[in-house]
Amino acid sequence: MTGRRRPSSRPFRAAVAALCTAVGASLLSGCGAVLSDKSDSDPITVMTWAPEGTKATNMPGMPAMAKAFARWVNDSGGIHGRKLQVITCNERNDAVQAAGCAQEAKKDKAVAVVGSYSQYGRSFISPLEVAGIPYIGGYGLTQEEFDSPYSYPVNGGQAALLVGNGRQLASRCERTALVRPDTIAGDELPQLLNTGLSAGNRAAAHDVRAPEDAGDYSRQATTALEGVGADSSLGGADQGAILESSCVTAALGNRTGAFFDSFRRVQENHPKVRIASILGGVRQSLIDSTGGTSSPLEGTYATGWYPAGDDPRWNPMKKVINKYAFDDNRIDPDDPGTQTTWIGYTVLRSVLMSLHADDISARTVRNALDDGHAVNTGGLTPTLRWGYDDTLNVPNYSRIVNADVTYQMVRDGRLVAVRKGFVNVSKILERYRPAD
């Protein structure tokens, strides 16, 4: 076939690029729109999934935060002039549905799955790997999130939290009980906590399994108390019996509040012990709803990934929430799921802006991350990068690049930091040896 050759747009685009550089950064967003051959009808699609409306842990704030982030990005000029389109999927705390969400991401040609929550890593990672879709900033529940080369975690996951919680409690607790989900993901938690306890020369914790969706946890509370020597025969709290060196820590996600409600009632007939949790279980909204300064959670120890909720480093996120999701009560800015989604999308935006507008795909996003693209999160984490030399040497968790945690406690009705800055638990994590 013969005919006139279409003139190349490259010289024109090069000239525009030079002009944009000359006129300054203030026009960069407009220049991005000119440089792109893509139109507003060709958005960049990403997915966020999380369970909603289930009897177990629910994380509706994660997809809601993702939508708010996209509204903010698009209102600020988009990604090189292209819109960021977030599609969401209800994972329902179900393995089949988790796999279905991953298949939907492939069908919709998502360039990434970002800021998502699922305990079924085995179900969703394989479909994403087959489709070549990167998983950025998942909540960190499963081993697969820290083992797959297609996963780019922004925190140290449950591994860092449990190891950090064990090390935090080791300074106070001679005996510890861990109440955790009776699930595959939950089976990994005792050994991780014990690794942290061992670093402080403490004995292994008493392991208490609990159903995720129970309405009452009195039996588990009794077992935990007796496991740390707080037997009812020793006298109740009203008799002044306090075991300062005995601790009960819970890692039940959204059901942690239900556990502590049962625990409070059971402890009336037992000596008092110290209580603790990992963030996600104890959060400011739970403290407020249980009495604030008079909450039974007063004095609770907590280990988190990020700075406390009142830290000014969260102000940019809070401004976005206030402007783009003001009336969305699903979003709790103090919730670690919301916070992880913000950080995951911060990574995504940084990577997308580093790419050419016309060459954004799951492959190019993944290549940029594998090549060591560095992301500054405004001090909410250390600088994040996933190059070969950036990962830790932790069995089953080879993708961890951020092993920082924070130590917090409930004081005067507020969840506040008890130690300035982050605590890096990478050396302790590297001692972790999975149970056979």
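At what angle do helix α11 and helix α12 pack, and how far apart are their axes? The two helices, α11 (residues 315–324) and α12 (residues 336–354), pack at an angle of about 100°, with axes 11 Å apart. This is a predicted model, in which local features need pLDDT of at least 70 and side-chain atom pairs count only at pLDDT 80 or more, while totals for chains, interfaces and linings use all residues. Residues are numbered from 1 along each chain as its sequence is written, and side-chain values use heavy atoms, leaving out hydrogens and water. Helices (H or I, at least four residues) and strands (E, at least two) are DSSP runs, numbered from the N terminus.

- Axes are lines fitted to C-alpha atoms, for helices over the stretch in contact, and angles run from 0 to 180 degrees between N-to-C directions.
- The helices α11 and α12 are therefore roughly perpendicular to each other, a term for angles of 65 to 115 degrees.
- In contact (heavy atoms within 4.5 Å) are P316, M317, V320 and I321 of α11 with T338, Q339 and W342 of α12.
- By class, this contact of α11 with α12 comprises 5 nonpolar, 2 polar and no charged residues.

**Strand β9 and its neighbours**

- Strand β9 (residues 272–278) is mostly covered, as 5 of its 7 residues are buried (under 20% relative accessible area, with a 1.4 Å probe and protein chains only).
- Strand β8 (residues 242–250) pairs with β9 in the parallel sense over 6 bridges; pairing requires at least two DSSP bridges between two strands.
- Within this pairing, C247 stands opposite R274 in β9.
- From β8 the chain passes through helix α9 (residues 256–267) to β9 in a right-handed β-α-β crossover, meaning that the path from the first strand over the helix to the second runs clockwise with the strands pointing away from the viewer.
- Strand β10 (residues 301–304) also pairs with β9 in the parallel sense, over 3 bridges, and I278 stands opposite T303 in β10.
- A right-handed β-α-β unit is made by β9, helix α10 (residues 284–289) and β10.

**Residues with positive phi**

- Most residues other than glycine have a negative phi.
- N201, in the loop between α7 (189–199) and β7 (206–210), has a positive phi near 60°.
- N201 is exposed, with a relative accessible area of 72%, where exposed means over 50%.
- D412, in the loop between β11 (404–411) and β12 (414–417), has a positive phi of about 55°.
- D412 is exposed, with a relative accessible area of 58%.

Definitions and conventions
Angles under 35 degrees count as roughly parallel, over 145 as roughly antiparallel, 65 to 115 as roughly perpendicular and the rest as oblique. Ala, Val, Leu, Ile, Met, Phe, Trp, Tyr, Cys and Pro count as nonpolar, Asp, Glu, Lys and Arg as charged, and the others, Gly among them, as polar.
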